[in-house]
Amino acid sequence: MKKQISTRLLATLGLCMFLFSACNNSSEFTVKGVVSGADGQLMYLENVGISNVVTLDSIKLASGGKFKFTEKRPEYPDFYRLRLNNQKINFSIDSTETVSILADAGAFATSYSVEGSENSKAIKAITLAQLDANQAISRLRKDYEDKMISDTTYRSKVLAAADAYKEIARKYIYAAPMSTAAYFALFQQIDGLLFFDLYDRNDVKAYGAVATSYDHYYPESPRSKHLYNLTLQSMKVLRAQRPVDYSNVETKEISFLDIELPDVRGEVVKLSDVAPGKVVLINFTAYQTEWSPALNMALGELYTKYHGQGLEIYQVSLDSDSHFWRNGASNLPWISVRDPQSVYSQVAGLYNVKQLPALFILDRKGNLVKRVEDVKKLEADVKAVL
């Protein structure tokens, strides 16, 4: 979905946010309208907070489908949604006093119309773009799982689908970064992951634009503070990625840098909890590469042969697609964790990982004694430390 965004609409988005306090003459806001085909069904009004969703009110829709909710106006621009079963219509309240929505129960989340709020109209367009990307990626995932497309094709097309969403979102973000539409566009997700990566050097510019505007217009808003802190943390991580030189690590005995990341079950596994008394092979990898299956097969042979002698494998995935990684790692016998920072992994930076795969060996005392330069000699390197 690619719709041209009018200059008038974007100007209105910015103007309404700028004049929020001036337009805010009422202590209440109203959302009303008609939902056809939902006779006897319950519809809920919910406030979408930074970290939780709160149900404010509900109504049992009569045969005509008319509804009306009136609530206390938020102190700062905020987000709300109407929920009918599992379908949701998102909207924002900024300078608006009344939002009118017409919808049909069968296509509640996609085929509705909204009046009285330009930001809410923009939020609908952003939602549809996000749904387009989600559907495209779901189809690609199915094709990949059915072995109809290769690793490389799957990865490139998933990134293209995500970029198509971000192309639309950026128009709202950069044209009116102080608007609720810009904020909404920034935080859309797929599979629990943000489209705009906080640790991507290009994406963080979008966070910076919205954070700066919100901090200027609404410095006391919880959303402004949250977004500002997120952006600041991200920029610190990106600036701190100056790799440590371990070029002579094979001739030194040094304590390893600890790693603490979640495994496929979401449980955090610390390298320092795994290492004592064992020889640990640390592997930075990416399941989305074409060489990954062959590497994992080689690791599997090593693990089977030497695990009984004290070998453990601690594998760190730098895949951008968590679903892809989880599917591939779920049946592996060794420890597999994933860094959501992907190619901007601070941990990988500290280990001076310049290309994948990267392998390191810890001895039983927890000393990093070897950086494996030749995968073909991996077994000999492991045996030497065992």
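**Helix packing**

Guide: H4 and H6 cross in a left-handed manner, where left-handed means that the near helix is turned anticlockwise from the far one by less than a right angle, and right-handed means clockwise. The model is predicted, with local features needing pLDDT of at least 70 and side-chain atom pairs 80 or more, whereas totals for chains, interfaces and linings use all residues. Residues are numbered from 1 along each chain as its sequence is written, and side-chain values use heavy atoms, leaving out hydrogens and water.

Visitor: At what angle do H4 and H6 pack, and how far apart are their axes?

Guide: Helix H4 (residues 151–175) and helix H6 (residues 203–217) pack at about 30°, and their axes are 10 Å apart. The two helices therefore count as roughly parallel to each other (angles under 35 degrees; axes are lines fitted to C-alpha atoms over the stretch in contact, with angles from 0 to 180 degrees between N-to-C directions). Helices are DSSP runs of H or I with at least four residues, strands are E runs of at least two, and both are numbered from the N terminus.

Visitor: And H9 with H12, what is the crossing angle there?

Guide: The axes of H9 (residues 292–306) and H12 (residues 378–385) cross at roughly 25° and come within 11 Å. That makes H9 roughly parallel to H12, and the crossing of H9 past H12 is right-handed.

Visitor: Switching to the backbone, where does Asn85 sit, and what is its phi?

Guide: Asn85 is in the loop between S5 and S6, and its phi is near 55°, a positive value in a residue other than glycine.

Visitor: Which peptide bond is cis?

Guide: The bond from Leu356 to Pro357 is cis, with omega near -5°, and Pro357 lies in the loop between helix H11 (346–350) and strand S17 (358–362). Most residues other than glycine have a negative phi, and most peptide bonds are trans.

Visitor: Now the second largest pocket: how many residues line it?

Guide: The second largest pocket is lined by 25 residues, and Val48, Asn90, Phe184, Phe187 and Gln188 lie nearest its centre. Here a pocket is an open set of points on a 1 Å grid over the protein atoms alone where a 1.4 Å probe fits, with protein on both sides within 12 Å along at least five of seven lines, and lining residues have an atom within 4 Å of a point.

Visitor: Which element gives the most to that lining?

Guide: S6 gives the most to the lining of the second largest pocket, with four residues. Strand S5 (78–84), strand S6 (87–93), helix H3 (118–145), helix H5 (180–186) and helix H7 (222–239) each supply at least two.

How values were computed: Parallel < 35°, antiparallel > 145°, perpendicular 65-115°, else oblique.
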